[in-house]
Amino acid sequence: TGTHRGAQSTFREMQALSHECSVVCIPKTIENDIPLIDKSFGFDTACTEAAKAINSAYVEATTNANCIGLVKLMGRHCGFIALHATLAARHVDVCLIPEMPVFRDKVLDYVAHVMQKKRYAVIVVAEGCGDTGLYWREEIATHFKKVGLPLSIKYIDPTYMIRSVAANASDNVYCALLAQQAVHAAMAGYSDCTVGKVDERFVTLPIHAITQRSSSRVDIKGRLFERLIMTTGQPTFV
């Protein structure tokens with residue numbers, strides 16, 4: 001919601017200067033954590049590219065002996081990218097997101113169990129879960145050495161590749177529609193507002209409807225999180 005707060009401040013400054021200016025915001029954040037809005041532009045592209053990184057980790061894990069493919073994805077405060085990319089890739093054994101109350105020892109024991117059973121594993125970690133992907137790489141390596149299990153870890157951090165990639169077709173269309181909606185709002189005389197999709201309908205909302213709410217987070221009691229657990233087969237690590 002930082003962009004929306006900036007737009008709101010701009011509108012207030014324009015009012016203070018008695019300057020006629022229409023300020024219309026669009027939902028901009030790659031992590032898709034804007035409250036009320038269904039989806040921010042760029043999120044679909046980010047998930048598509050993140051799934052490619054997970055697929056690469058899977059190839060590495062399954063073609064090397066006793067190997068873990070560990071992928072660190074964006075998501076300091078919310079795990080939407082990691083969750084959606086995991087659901088898209090469909091061969092992740094463990095996905096950790098910031099919303100989960102994770103106990104380290106339970107994660108390490110479960111990863112060891114998976115490796116003893118399959119001889120490979122794919123792990124996805126959102127950057128806000130525990131610490132960083134490098135933290136989990138070191139913790140896993142230390143634990144496996146302690147219990148005497150052979151291990152090779154292939155660590156992948158696609159953050160800047162995801163941020164810099166060109167938008168996919170879905171996001172290109174969505175951006176164009178958002179731009180058109182914003183222009184329509186401005187030409188109709190609206191200001192201090194934001195446009196976006198709510199329940200699959202394009203709407204115009206006052207900016208304070210966004211800024212007065214907390215950022216969206218994954219509901220770990222919701223259906224989407226249950227799909228994650230069913231897809232990976234992992235416990236909740238509580």
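1. Overall build. The protein, which is a predicted model, has nine helices and seven strands, and its C-alpha atoms fill a box of roughly 70 × 30 × 30 Å when this is taken along the principal axes. Of its 238 residues, 44% are buried. Among the contacts with a separation of 6 or more, 73% are accounted for by residues 24 or more positions apart.

2. Helices H2 and H3. Two packed helices are described by the angle between their axes and the distance between the axes. For helix H2 (residues 43–62) and helix H3 (residues 80–89), the axes come within 8 Å and cross at roughly 55°, which makes H2 oblique to H3. The crossing of H2 and H3 is right-handed. On the H2 side the residues that meet H3 are Phe-43, Ala-46, Cys-47, Ala-50, Ala-51, Ile-54 and Asn-55, while H3 contributes Phe-80, Ile-81, His-84, Ala-85, Thr-86, Ala-88 and Ala-89. Sorted by class, the contact of H2 with H3 holds 11 nonpolar and three polar residues, with no charged residues.

3. Helices H3 and H9. The axes of H3 and helix H9 (residues 223–232) come within 10 Å and cross at roughly 45°, and H3 is therefore oblique to H9. The crossing of H3 and H9 is left-handed. Leu-83, His-84, Thr-86 and Leu-87 of H3 make this contact with Leu-224, Phe-225, Arg-227, Leu-228, Thr-231 and Thr-232 of H9. By class, the contact of H3 with H9 comprises five nonpolar, four polar and one charged residues.

4. Helix H4. Helix H4 (residues 104–118) has 15 residues, and the distance from its first C-alpha to its last is 21 Å, close to the 21 Å expected at 1.5 Å a residue. Its buried residues are Val-107, Leu-108, Tyr-110, Val-111, Ala-112, Val-114 and Met-115. The elements that cover the buried residues of H4 include strand E2 (67–73), strand E3 (94–96) and strand E4 (120–126), together with helix H5 (133–147). After H4 comes Arg-119, whose phi is positive, near 70°.

5. Loop residues with positive phi. Most residues other than glycine have a negative phi. Ser-18, in the loop between helix H1 (2–16) and strand E1 (24–25), has a positive phi near 55° and is not a glycine. Asn-32, in the loop between E1 and H2, likewise is not a glycine and has a positive phi of about 65°.

6. Ala-188. This residue is found in the loop between helix H7 (169–187) and strand E6 (193–198). Ala-188 counts as exposed because its relative accessibility is 53%, over the 50% that the class requires. Ala-188 and Met-14 are 174 residues apart along the chain, and their C-alpha atoms are separated by 18 Å.

Definitions and conventions: Residues are numbered from 1 along each chain as its sequence is written. This is a predicted model: local features need pLDDT of at least 70, side-chain atom pairs count only at pLDDT 80 or more; totals for chains, interfaces and linings use all residues. Side-chain values use heavy atoms; hydrogens and water are left out. Helices (H or I, at least four residues) and strands (E, at least two) are DSSP runs, numbered from the N terminus. The expected span of a helix is 1.5 Å times one less than its number of residues. Buried means under 20% relative accessible area, exposed over 50%, partly exposed in between (1.4 Å probe, protein chains only). Contact means heavy atoms within 4.5 Å. Axes are lines fitted to C-alpha atoms, for helices over the stretch in contact, and angles run from 0 to 180 degrees between N-to-C directions. Angles under 35 degrees count as roughly parallel, over 145 as roughly antiparallel, 65 to 115 as roughly perpendicular and the rest as oblique. A crossing is left-handed if the near helix is turned anticlockwise from the far one by less than a right angle, and right-handed if clockwise. Ala, Val, Leu, Ile, Met, Phe, Trp, Tyr, Cys and Pro count as nonpolar, Asp, Glu, Lys and Arg as charged, and the others, Gly among them, as polar.
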